[in-house]
Amino acid sequence: MCWTAKSFVQGLSFSVKYYPKDNHLRALCLCSSVKPNKCHILDWSRRPRNSTVPPGRTLSWRLFSCKEGTKIHCKREKLTSITASELLYKDLLKSEQENWNKISRSYKALTKRIKEKIEELNNKYTFHLESPRIRFGGNVYFEENGYIFCSKADDDKGNVRILFSTEDMGFSGAFIKRIRISPDERYLATSLKSENSEEATCVITKIGDVPIVEEVIPNVFSFEWATNDVLYYTSQKNLKCQNVFMTTFTSEKYTKLVYTEQDARFFVDIYCTKDRRFLTINSNSKTTSEVWLIDCRHPFKLPVLVQARTKGVIYHVEHRNNDLYILTSYGEPAEYKLMKASVASTGMENWQLVYALEEKTKLIDLEMFRDHCIMFLQKAGCLYLTVIAFVSHSIQSIQLPTWACAFELESHPEHTSSTCYFQLTSPVHPPRRFAYSFKENNLIEQAAEEVPIIMNCHTTRLLAKSKDETLVPITVFHNMNSKELHRKPLLVHVYGAYGIDLNMSFREEKLMLIEEGWILAYCHVRGGGELGLRWHKDGCQHNKLKGLHDLKACIMLLHELGFSQPKYTALTAASAGGVLAGAICNSDPELIRAMVLQAPFVDVLNTMMKTHLPLSIEEQEEWGNPLADEKCMKYIKNYCPYHNIKPQCYPSVFITAYENDQRVPLTGILRYVQKLRKATLDHGSRTGKKGNWIPNIILDIQASGSHCDSSWEDSLTEVARHLAFLKKELQV
């Protein structure tokens, strides 16, 4: 995996370096992108934000929890209890499915029209995007439609050969998640994943005139080639990666266990440095890291520890000229810094500062080249490119165009390249390609004529004053031709967990809403990562309520400034974003009219109390440990959406959930919906006034798809249903 701060920083926020969601995780519903039949690579170097994630699928990879398992105990009474619980679950599931089948008819026509419009915009704005290319020696590798192709780098005639086909290899229905090519290009390692499962299968193919499958390894998360015929990989079980294996493809094939992580809070993955000198075994919790080195020149030697884990210190390493370059939170202030140390003396006491980020600055991504390091930073809502020249010891900072809200570094840039290519985008601006030349020391936009320029959208950046006087950023988009903004529909986006930013990449349906006169607001509340590590820390564990106060302040400021009003305001969130969205519906339901949630985490307390769930222990660094700390239990209970439902006038709610979701328990969502419906009916019966408005509480349970992946068609339908619901509820 190409080392980038985006993959590292966002990965650490959910215990694993992943490109996430996502890509997410960065993390909202109501989003779309290129169809898989154009390109569906999830991890050549990082998870692409623009070109490979279908609509609605920007959930970050390890956002929370899993479907509840059933433990069979010896006692007969317990067995009977579990059986009764399962029967209740099945009855609730069947009831909700029947309810949705009845309700969905009223949305069918509008959903169809919205789908057609999104597809039209997709064809208009994303047809020019190509699948990512990896240049390896004299060859270029790329994937399309489940095929992996190879062509000569200097071939301009379009001659390609097929190296791998999911269908021909017997993996029909699976998509390609990651590929790794051995240094001598004799072997191709490919991981395949279905949309209904989070476990991937690694297929090792010997490249030749007729490719031959050498080995199939189930339940693999990350893998890298140490040499031409030695592969290291991590195994995944119950959403955890704690074992590292080495397997050989020499005349005497064998596999052995190399490393085991004993702490359940830590997740292990493998990375190869850009110069291919080392493999790194990275063991990360939410707040702490430990890295071991494997010398690719001596792949059979035991791993060497860089620095023993120190509570609260995150770090990751790259290599250049016998020095380790270390991206770390070590030192004060506790924000990211780039440091270095000799390979011979890697301990923390030998780390020397190269570059430190200013406070309230977000490190979005970092890429190492032979003689340069490029950092993509965000400060005060603007993006910056910072270039560190190792030879001349100079540092240059360039502000990127003010319309840009997100960027994507192009896949797998060559270590020796003299140019860095990347794309800039925003929720309403299609990707535009830029290049920074190290030789010329300048930034050039490589504009494609076929990419239309969005001219009718205005971007506003605001600061809302929260309950404790903290200023919270808001990014607002609206049509420049819109008049009487207080009468326009407003869609508010929130996440606020794991140090993950809101997804600010281009989404066709966002542009569609702008064209229709909607206002889009992105609330960068504490708990997310928009203002650096401190911003996340100030919104997790015993600070979770700060994120709720931030969200309330943001919505109130928008209304005060004339951006819509409560009866035209909707809120959207996904996964862990459901905590703040559900909480504000309990505390301040009068602020919004409707809410759309995708795989929402709405039962925090019950889930964190069940330590048999695979991710509950590692999530304690985000939510706290209610079993060991009574104050923590009371605090979680104070904001948990499920536990604070009460009879009152709620906004209408549309929830999409997945039967195969291994992260957010479907049982928790079912309980939440049942309790919310009862509360709205109780409120209606108590007030007893004729003509009282009763909110719609709708649950759409998808039989296919999962927390992280769905097909383009399923995701497109999800997005269209969400928008159809919002349009009806807001009467626009």
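Biologist: I'm new to this one. Which residue in β23 is the bridge partner of Cys373?

Modeller: That's Ile388, the partner of Cys373 in β23. Keep in mind as we go that this is a predicted model.

Biologist: Fine. How should I read strand pairing in general, and in what sense do β22 and β23 pair?

Modeller: The general idea: strands of a sheet pair through backbone hydrogen bonds, and the pairing is either parallel or antiparallel. Here, strand β22 (residues 372-379) and strand β23 (residues 382-389) go antiparallel, over 8 bridges.

Biologist: Which strands form the open sheet, and in what order?

Modeller: There are 4 strands, and the order is β21-β22-β23-β24, with antiparallel pairing. At the edges sit β21 (361-368) and β24 (394-399), each of which pairs on one side only. If you ignore direction, neighbouring strands of this sheet are turned by 20° against each other on average.

Biologist: Let me try another pair. What joins β9 to β10?

Modeller: A hairpin, running through 2 residues. Strand β9 (residues 220-227) and strand β10 (residues 230-237) pair in the antiparallel sense over 5 bridges. To find your place, look for Phe223, which stands opposite Tyr233 in β10.

Biologist: And how many of the residues of β9 are buried?

Modeller: Of its 8 residues, 8 are buried, so β9 is largely enclosed by the rest of the structure.

Biologist: Now helices. How do I describe the packing of α3 and α12?

Modeller: For two packed helices, you give the angle between their axes and the distance between the axes. In this model, helix α3 (residues 108-126) and helix α12 (residues 712-730) pack at an angle of about 120°, with axes 8 Å apart. α3 and α12 are therefore oblique to each other. Their crossing is right-handed.

Biologist: Which residues of α3 and α12 make the contact?

Modeller: On the α3 side they include Leu110, Ile114, Ile118 and Glu119. From α12, Trp712, Leu716, Ala720 and Arg721 are among them. Sorted by class, the contact of α3 with α12 has 9 nonpolar, 3 polar and 5 charged residues.

Biologist: How far apart are Glu508 and Pro427, in sequence and in space?

Modeller: In sequence, Glu508 and Pro427 are 81 residues apart; in space, they are 8.0 Å apart, C-alpha to C-alpha.

Methods
Residues numbered from 1 in each chain as written. Predicted model: local features only at pLDDT ≥ 70, side-chain atom pairs only at ≥ 80, totals over all residues. Heavy atoms only, no water. Axes fitted to C-alpha atoms, helices over the stretch in contact; angles between N-to-C directions. Parallel < 35°, antiparallel > 145°, perpendicular 65-115°, else oblique. Left-handed = near helix turned anticlockwise from the far one by under 90°. Contact = heavy atoms within 4.5 Å. Nonpolar A, V, L, I, M, F, W, Y, C, P; charged D, E, K, R; others polar. Buried < 20%, exposed > 50% of the residue type's maximum accessible area, 1.4 Å probe, protein only. Pairing = 2+ DSSP bridges.
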